[in-house]
Amino acid sequence: MSRRRRDDASNTGLRRRSRDDELYTGRHRQRTEGWKGKLFIALKFIWALCTVIIAISLCHTAAYYGMPYVYKAAGLELSGLLLQIANAIAAFLLIVLIISIISFFARDKNMVVLRSIIDAIRQIAKGNFNVKLDDDPRKAGHFAPILESINHMAGELGQMEMMRQEFISNVSHELQSPLTSISGFARALQKEGLDERERLHYLQIIEQESVRLSKLSDNLLKLTSLESELQPFEPKRYRLDKQMIHLVLACEPQWQPKELDIDVAFEETYIVADEELMSQVWLNLLHNSIKFTPRGGSIRIELAQEPQQLNILFKDTGIGIANEHLEHVFERFYKSDVSRNKAVGGSGLGLAIVKRIVDLHQGTVRAISEPGEGATIIVALPNHSGSGASGNNGKTGGGGNG
């Protein structure tokens, strides 16, 4: 593919790193402002409580000292219990009056906040996620948690929308290349005077691009199924070493013509996992190693067993991966070397499928590599079967011998 595609991939990586930095900064700021906000709310509550106590005391004092003059002006003669009751009623009415006045002025402020919340929700419903409400507790009051939640929701939806747009852009780009080739060579076949060799060459290219489209479609459907709840997940206990050797032998038509040496260094190992899904993981990793390992190279698949987890390592002597690409190789459609990927094929979905399946098994996957020195993919899975049984190492030798 062209330099433009490589630039797009690089820009995508930069945008994702920028978003990661923004998310980290945002979360750090939320944590920092969170305890400050809680402290401010606590102080505000204490201040409000003191204000209420002082207001009640002042109203009581005003009623106690001021109401006798009112009674005297009205010609009422009260004493003893009746005077105390009348003063208490007067103080209560004075408090109600003050609260009503305060509520009247505070109502306008609350309505402003409510209107901003309603407007923000309407903007989000229309697809505008660039919504930022002022959630400062000093201004928002008891609406601050709601405003903070709306801001968080808008931010998350904005990230999802950006990922959706990137996904559509990547799918369109991947579809456009084989479709353009198929269309171009189909037109070439319509020309008169083509000899048999040229016609077969064009048909071969059309077939290859059609297979590429089919694989892309299959991988998209697989990834969509894995990311939904439709994918059946049926873990069971089975022999991992037998599964690995069987898959390596099944891939012999791919590695044998390149005279690769395949070494599977496994003890008798049991694992609790979905056997079909894990087969997809091992096949994708094995195909990747075969694609990027030059003729005469070697691939080693080994097991490092720990009490709590199983580490399955795929080591090859291929072209390797640059350090700046290591953290992105498991992202959808990401290609570390686009020019080479065009030659060897691939849609950039294989490792994304691997990561999703490993995530379903509560495991992790990572890559270690140096350019020109090969790559190592490490899949770590929970060890549900303890230390496992031990036996002889199972190895299969590659190279021209099969």
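Buried here means under 20% relative accessible area, exposed over 50%, and partly exposed in between, using a 1.4 Å probe and protein chains only. This is a predicted model, where local features need pLDDT of at least 70 and side-chain atom pairs count only at pLDDT 80 or more, while totals for chains, interfaces and linings use all residues. Residues are numbered from 1 along each chain as its sequence is written, and side-chain values use heavy atoms, with hydrogens and water left out.

**View 1. The whole chain.** The chain has 11 helices and 7 strands; helices (H or I, at least four residues) and strands (E, at least two) are DSSP runs, numbered from the N terminus. Of the 402 residues, 34% are buried. Take the contacts (heavy atoms within 4.5 Å) between residues at least 6 apart in sequence: 74% of them join residues at least 24 apart. The chain exposes about 24,700 Å², with carbon and sulfur atoms supplying 58% of that; the areas come from the Shrake-Rupley method with a 1.4 Å probe, and for residues only the protein chains shown count as cover.

**View 2. Helix α11 and its neighbours.** Helix α11 covers residues 350-360, and its buried residues are L351, A352, I353, V354, I357 and V358. After the helix comes Q362, with a positive phi near 60°.

**View 3. A tilted aromatic pair, F185 and Y202.** Searching the whole structure turns up 2 aromatic pairs. Rings of Phe, Tyr and Trp (its six-membered ring) pair if their centres lie within 6.5 Å; planes under 30 degrees apart count as stacked, over 60 as edge-to-face and the rest as tilted. The F185 and Y202 ring centres are 5.3 Å apart with planes at 45°, so this pair is tilted. F185 is in helix α4 (residues 144-189) and Y202 in helix α5, so the pair ties together parts 17 residues apart in sequence. F185 is partly exposed at 25% relative accessible area, whereas Y202 is buried at 18%.

**View 4. A stacked aromatic pair, W282 and F314.** Here the rings sit 6.0 Å centre to centre, with 15° between the planes, and the pair is stacked. W282 belongs to helix α8 and F314 to strand β5 (residues 309-316), 32 residues apart, linking distant parts of the chain. W282 is buried, at 1% relative accessible area, and F314 is buried at 1% too.

**View 5. Arginines over the ring of Y270.** A charge sits over a ring if NZ of Lys or CZ of Arg is within 6 Å of the ring centre and within 35 degrees of the ring normal. R237 puts its charged end over the Y270 ring, 4.1 Å from the centre. R239 also lies over the face of Y270, at 5.8 Å from the ring centre.
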